[in-house]
Amino acid sequence: MKIFEVIPWYYMLLYLVIINLIAIFMYWLDKRSAQKNQWRISERDLLIIAALGGWFGSLFAMKKFRHKTQKKKFTFGIPLIFVIELVILIYLCYNGIVKI
């Protein structure tokens with residue numbers, strides 16, 4: 001069973017749009033909370049949202065809001081998440097598990 005035979009590609013695209021918008025919102029909220037010395041979103045949660053497909057929104061928000069740009073775990077971690085997800089996707093496509 002191939003994933004895109006079960007889940008249409010446009011649902012996957014919709015998922016990626018939503019997860020990236022959530023990532024942008026989370027970074028914005030965390031930056032705003034930091035400026036006001038309020039409760040913060042954990043770094044773990046920010047990295048998890050990137051690993052769930054929100055790496056583009058995370059990178060965009062880091063640059064746009066100048067947030068977490070000094071932390072190596074984010075400046076290297078989020079691009080690394082992208083590379084790992086890309087390698088997995090290439091592997092799945094190459095082996096016929098996923099058809100795009």
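Is Arg 44 buried or exposed? Arg 44 is exposed, with a relative accessible area of 57%, where exposed stands for over 50%, buried for under 20% and partly exposed for what lies in between, using a 1.4 Å probe and protein chains only.

Before going further, keep in mind that this is a predicted model, in which local features need pLDDT of at least 70 and side-chain atom pairs count only at pLDDT 80 or more, while totals for chains, interfaces and linings use all residues. Residues are numbered from 1 along each chain as its sequence is written, and side-chain values use heavy atoms, with hydrogens and water left out.

**Stop one: salt bridges**

Asp 45 is partly exposed, at a relative accessible area of 29%. By this rule the count comes to five salt bridges.

Next select Glu 43, whose side chain meets that of Lys 68 in a salt bridge of 3.2 Å, N to O. This pair links distant parts of the chain, since Glu 43 belongs to helix α3 (residues 43-65) and Lys 68 to the loop between α3 and α4 (72-75), 25 residues apart; helices here are DSSP runs of H or I with at least four residues, and strands are runs of E with at least two, numbered from the N terminus. Glu 43 is buried at 18% relative accessible area, and Lys 68 also counts as buried, at 10%.

Lys 71 is partly exposed, with a relative accessible area of 38%. To see the whole group, select Glu 43, Lys 68, Lys 71 and Lys 73, which are linked in a network of salt bridges.

**Stop two: Ser 33**

Move to Ser 33 in helix α2 (residues 9-35), a residue that counts as buried at 6% relative accessibility. A polar atom of the Ser 33 side chain lies 3.3 Å from the backbone oxygen of Trp 39. Leaving aside neighbours within four places in sequence, Ser 33 is in contact (heavy atoms within 4.5 Å) with Gln 38, Trp 39 and Arg 40.

**Stop three: the core**

Select Met 26, Tyr 27, Leu 46, Ile 49, Met 62, Phe 74 and Ile 78, which touch the most other members among the 14 residues of the largest nonpolar core, a set of buried Ala, Val, Leu, Ile, Met, Phe, Trp, Tyr and Cys residues joined through side-chain atoms within 4.5 Å. The elements giving two or more residues to this core are α2, α3 and α5 (77-94), and α3 gives the most, with six residues. Centre the view on Ile 49: apart from neighbours within four places in sequence, Ile 49 is in contact with Ile 19, Ile 22, Ala 23, Met 26, Gly 54 and Ser 58.

Note on methods
A salt bridge is a side-chain nitrogen of Lys or Arg within 4 Å of a carboxyl oxygen of Asp or Glu. A polar contact is a pair of N or O atoms within 3.5 Å; within protein, one must be able to donate a hydrogen and the other to accept it, and residues adjacent in sequence count only if both atoms are side-chain atoms.
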